[in-house]
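Biologist: I have this one open on my screen. Please take me through it, starting with the loops.

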Amino acid sequence: MPNYNEADLPVDVHHGEMVTLNDGTTIRFESNGEAKNVMINDDFAPAATLFPGNEFTVQAGGNSFCMTCSFEDSMKIEKK
């Protein structure tokens, strides 16, 4: 499975893929039916649970990163 970094943004990640930001923060998701559990770094508890069309923003390295989910098994991550 590919892993991405901040230079690849915006990117659609799929289950099992990860984005590593310049400050070392990692973002991934686990599917929970239609919902996506957004995982930051090595945490086992989700930072947020997103349903299709919902957004969640993370602050890391002085920047904002927005995650958006769709019905597909993917989550878009982009730098704001």
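**Loops, sheets and core**

Biologist: Where is Asn-41 found?

Modeller: Asn-41 is in the loop between S5 and strand S6 (48-50). Strands are DSSP runs (E, at least two residues), as helices are (H or I, at least four), and the numbering starts at the N terminus.

Biologist: What is the phi of Asn-41?

Modeller: Phi is near 55°, a positive value in a residue other than glycine. Asn-41 is partly exposed, because its relative accessible area is 33%. The scale is: buried under 20% relative accessible area, exposed over 50%, partly exposed in between, with a 1.4 Å probe and protein chains only.

Biologist: Before we go on, some ground rules, please.

Modeller: This is a predicted model, so local features need pLDDT of at least 70 and side-chain atom pairs count only at pLDDT 80 or more, while totals for chains, interfaces and linings use all residues. Residues are numbered from 1 along each chain as its sequence is written, and side-chain values use heavy atoms, with hydrogens and water left out.

Biologist: Which peptide bond is cis?

Modeller: The one joining Leu-9 and Pro-10, with omega about 0°. Pro-10 belongs to the loop between strand S1 (3-5) and S2.

Biologist: OK, sheets. What is the strand order in the five-strand one?

Modeller: The order is S1-S3-S4-S5-S6, in an open sheet with mixed pairing. S1 and S6 are at the edges with a single partner strand each, so one side of each has no neighbour in the sheet. Pairing here requires that DSSP finds at least two bridges between the two strands. Ignoring direction, neighbouring strands of this sheet are turned by 25° against each other on average. The axes behind that angle are lines fitted to C-alpha atoms (for helices, over the stretch in contact), and angles run from 0 to 180 degrees between N-to-C directions.

Biologist: How many bridges hold S3 and S4 together?

Modeller: Two, in the antiparallel sense, between S3 (residues 18-20) and S4 (residues 26-32). Thr-20 has Thr-26 in S4 as its bridge partner. The two strands make a hairpin with five residues between them, and Gly-24 in the turn has a positive phi of about 95°.

Biologist: And how many for S4 with S5?

Modeller: Six bridges, again antiparallel, with S5 covering residues 35-40. Asn-32 is opposite Ala-35 in S5, and Phe-29 is opposite Val-38. This hairpin has two residues between its strands, and Gly-33 takes a positive phi near 70° there.

Biologist: What is the order in the four-strand sheet?

Modeller: S2-S9-S8-S7, an open sheet with antiparallel pairing. S2 and S7 are the edge strands, each pairing on one side only. S7 and S8 share six bridges, and one of the paired positions is Glu-55 with Thr-68 in S8.

Biologist: Now the core. How many residues does the largest nonpolar core have?

Modeller: It has 17, and those with the most contacts inside it are Ile-27, Met-67, Met-75 and Ile-77. Two or more residues each come from S2, S4, S5, S7 (55-60), S8 (63-69) and S9 (74-79). S8 gives the most, with three. A nonpolar core is a set of buried Ala, Val, Leu, Ile, Met, Phe, Trp, Tyr and Cys residues joined through side-chain atoms within 4.5 Å.

Biologist: What does Met-75 touch?

Modeller: Not counting residues up to four places away in sequence, its contacts include Val-11, Ile-27, Phe-29, Val-38 and Met-67. Contact means heavy atoms within 4.5 Å.

Biologist: Is Val-11 buried or exposed?

Modeller: Buried, because its relative accessible area is 11%. Val-11 lies in S2 (residues 11-14). Beyond its neighbours within four places in sequence, Val-11 contacts Tyr-4, Val-19, Met-75, Lys-76 and Ile-77. Leu-21 is 10 residues from Val-11 in sequence and 12 Å away in space, C-alpha to C-alpha.
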